[in-house]
Structure formats: C-alpha cells, structure tokens
Amino acid sequence: MKPKNIFYTFLFLNLLFSTWAYSQKYNSVDSIVLKYPKHFETPKQLADQIQKDFASEYDKSRAIFTWMALNISYDVKTFLNPKPIKSITFKTQLEKDLKLQEIKNRTIKEVFKKQLAICSGYSLLFNHLATLVGLKSDVIVGMAKITSNDIGRKKPIINHSWNSVMIDGIWRLIDVTWGAGYIANKQNLWFKEFNPLYFDTAPQIFFTKHLPSSGVWLNQSIDESVFLKAPLLFDEYIDENYEILEPTTGIIEAIDKQKIIFKIKNLSRYENLSYTNKYDVSTQINSITDENNILVFDIIYHKKDGRNMTLYVNGRAIATFKIILKSEIKNPKSKIKNPLSISFLITLTISSFKMG
C-alpha cells in the first residue's frame, strides 16, 4: 500500500474510533447540554434552560448530571485541607432547620459561582437543580470505598455524599462527583473526565462502592460486613461487566510463596492480564485456563510484595485485594495497625467531605 493510502486509511480508522468512542460516552441529551454556556448567572437560569429543552424526568436528570459533570471541577484544595467543623447554636428545632438550610443555600450559591466543589457541594447543587425542574431528589451520605485502606475496615466511615432522584416513579442512584472526574496518583491530582457510569447506576453495582449511613436502600438492608470485606473495584471492572467468583472476599489470607487462585467471569483469555505489588512493579499473568467463560489463573504471593495486590486488564486496574499473613492471624498482636483507618463522623451541612 502506498504511504499516502496508508495515511488516509489510518486517518479514517482514527476518525471512526473517535466517533464510536464519542457515541459511547455521550447520549442525545448530552449532545444538547454540551452546547450550553459554561456559566449561568443563577441556578434558576440553568433550570429554565433544561425545562425548555427537555420534557421527560429522565432527560432533565441527565441534563443536570451532564452540565454539572462537565462544568463543576473538583476542589482538591479543600479535599486535602478540609475546613474545620462549624458548630451552630439553636433553641428550637425550627431554628436549627433554618440555620442548616442557610448553610446549604450558601454552599449551593458558592459552588455554582466558583464552579468548584467537593462531594457535599456536588450533591447539594444537584438536589437544588432537580427541585427547580420539578423532580424529587435526596442527598445521601455514607461511605465510599476509594482506597485499599477501605478493604476490611471494622466499621464504616462517613466520607462521601451522592444523590437519589425519582424518575418515572423509581428512585435512581447518581454520583455527580464521580461523574466529573477522579483523583489519582500520589500527588492527588484531579483528572477531569466525564463519566456517565455514575448516572442511573444499577443498585447492585452502585453499592459495591457506596454504603449509605442508614445501611438501607428502598427498605432493603445492605450487608455492611460484605461491603467492608469486598475488594476495591475500579470503573473498568464495572464497565466491562466482570465478575470475580474467587477469592470470595477482598481479604486474602496467605503465607509466603502461596498460590492464590482467581476465577473471573466475562474476561477473555486473550486480554493482557497482570498484577502489581506495593512497589507498583507489574508482573504478567500467563498461566490462564478458560472454563465456560470463566478465566482461572493463579498468582504466587511473596511476602516482600506487600499487603495489597491489584489486578490489571490491558493496563487498567480492575480490583485491589488486601493480603493478610496467616502468621498474623494466629498471633493478633503482630498485626500492623493501619494509621490511616480513622473513623470520623461529619455532618453534611456543616462540614467538608473527603472522597475519591
């Protein structure tokens, strides 16, 4: 093939892939919202525009989610240096409610103006905009599983907030914070990336990474113990519909040089599998068998590799497991306590949240 033809073939394939990727990420509602101004004078102006362009409850909810995810950036500075908790004084329940609402209103106004927020700001603004367009919406507080330190916690912490919104008579789950981007690497840099995965997420998926402080969703209990012991799952795992059948929890008891068996459903044997240790050293996984759409492989654990093991598919993380040495189980006094596992209670309306 002539160089010129190769160039045009490459250009065509590149454009084709870009178009496909775009269509996968954005839907018809998003394509309209993408043309909206990045700034509106007031939340009411944005709500009026959404009311004008969309009729269904689903489309209105999606429009709010998309505009916020595209235009509200994560406030890393506040995330790293949370503001001190503010106390309020009141004599009656009415006075308390009024003061708390005043704090909420101030937060909403500040987030909309500065276009910076942490999770509490995202969830409060979404809730406000949903109300303005005639939707029922709630703010939910609870625990988000965001780091390997969250695997095997004895008790949940309150470190995140998100929303539920009623669409066509059904309460749906939404996390605008995670729809806007993510924090990564040791420098805590925030990467802006629209992620529709966290709009109207299926509950069985959503609650692998979120635990409401009430422990209940739509009158059904969520097993706190299962949530805390589960592995840390990444977006790639959810996106590709993988299913880890073995190990059955995110906590693996092992001895040095022990063979750990993994079984994962919906994973192709032709994909590039690897894992990393505490030094971020990547090791290829080659010994793989396919048993009726379930990939089976093993990893030899070495004590020097550390306490965390992260699986990768084609260079993207799918799950992190925590390793506990069996010798430590027999001798609990030898366990290394995690200095970062600090439980704390923060009231949504008068404090700042850390999240991932």
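This report describes the nonpolar core, the salt bridges, the strands and one surface patch of a predicted model.

## Basis of the description

Because the model is predicted, local features need a pLDDT of at least 70 and side-chain atom pairs count only at pLDDT 80 or more, whereas totals for chains, interfaces and linings use all residues. Residues are numbered from 1 along each chain as its sequence is written, and side-chain values use heavy atoms, with hydrogens and water left out.

## The largest nonpolar core

A nonpolar core is a set of buried Ala, Val, Leu, Ile, Met, Phe, Trp, Tyr and Cys residues joined through side-chain atoms within 4.5 Å; buried means under 20% relative accessible area, exposed means over 50%, and partly exposed lies in between, with a 1.4 Å probe and protein chains only. The largest such core has 42 residues, and among its members Trp67, Met68, Tyr122 and Phe126 touch the most others. The elements that give two or more residues to this core include α4 (57-71), α6 (93-114), α7 (119-132) and the strand β4 (160-167), and the largest share, 7 residues, comes from α4. Helices (H or I, at least four residues) and strands (E, at least two) are DSSP runs, numbered from the N terminus. In soluble globular proteins, nonpolar side chains tend to be buried together.

## Salt bridges

A salt bridge is counted when a side-chain nitrogen of Lys or Arg lies within 4 Å of a carboxyl oxygen of Asp or Glu, and by this rule there are 10 of them. One of them joins aspartate 30 to arginine 62, with the closest N and O atoms 2.6 Å apart. Aspartate 30 belongs to helix α2 and arginine 62 to helix α4, so this pair ties together parts that are 32 residues apart in sequence; both aspartate 30 and arginine 62 are buried.

Another salt bridge, between lysine 44 and aspartate 48, has an N to O distance of 3.0 Å, and its two residues are separated by about one helical turn because they are 4 residues apart in helix α3. Lysine 44 is partly exposed at 45% relative accessibility, and aspartate 48 is also partly exposed, at 38%. In the salt bridge of lysine 304 with aspartate 305, the closest N and O atoms are 3.8 Å apart; lysine 304 is exposed, with a relative accessible area of 59%, whereas aspartate 305 is buried, with 9%.

## Strands and their partners

Two strands pair if DSSP finds at least two bridges between them. An open sheet is formed by 4 strands in the order β13-β15-β19-β18, with antiparallel pairing. Its edges are β13 (243-246) and β18 (288-290), each of which has a single partner strand, so one side of each is left without a neighbour in the sheet. The antiparallel strands β13 and β15 (residues 258-265) are joined by 3 bridges, and glutamate 246 has lysine 263 in β15 as its bridge partner.

Elsewhere, β20 (residues 308-313) is joined to β16 (residues 273-276) by 4 bridges and to β21 (residues 316-325) by 6 bridges, and both pairings are antiparallel. The hairpin of β20 and β21 has 2 residues between the strands, and asparagine 314 takes a positive phi near 55° there.

## A nonpolar surface patch

Tyr182, Leu189 and Phe191 form a nonpolar patch on the surface, with about 270 Å² of accessible area together. Accessible areas come from the Shrake-Rupley method with a 1.4 Å probe, and for residues only the protein chains shown count as cover. Patches consist of residues with over 30% relative accessible area and no salt bridge, where like charges are joined within 9 Å and nonpolar side chains (Val, Leu, Ile, Met, Phe, Trp, Tyr) within 5 Å. Leucine 189 is found in strand β7 (residues 189-192) and is partly exposed, with a relative accessible area of 44%.
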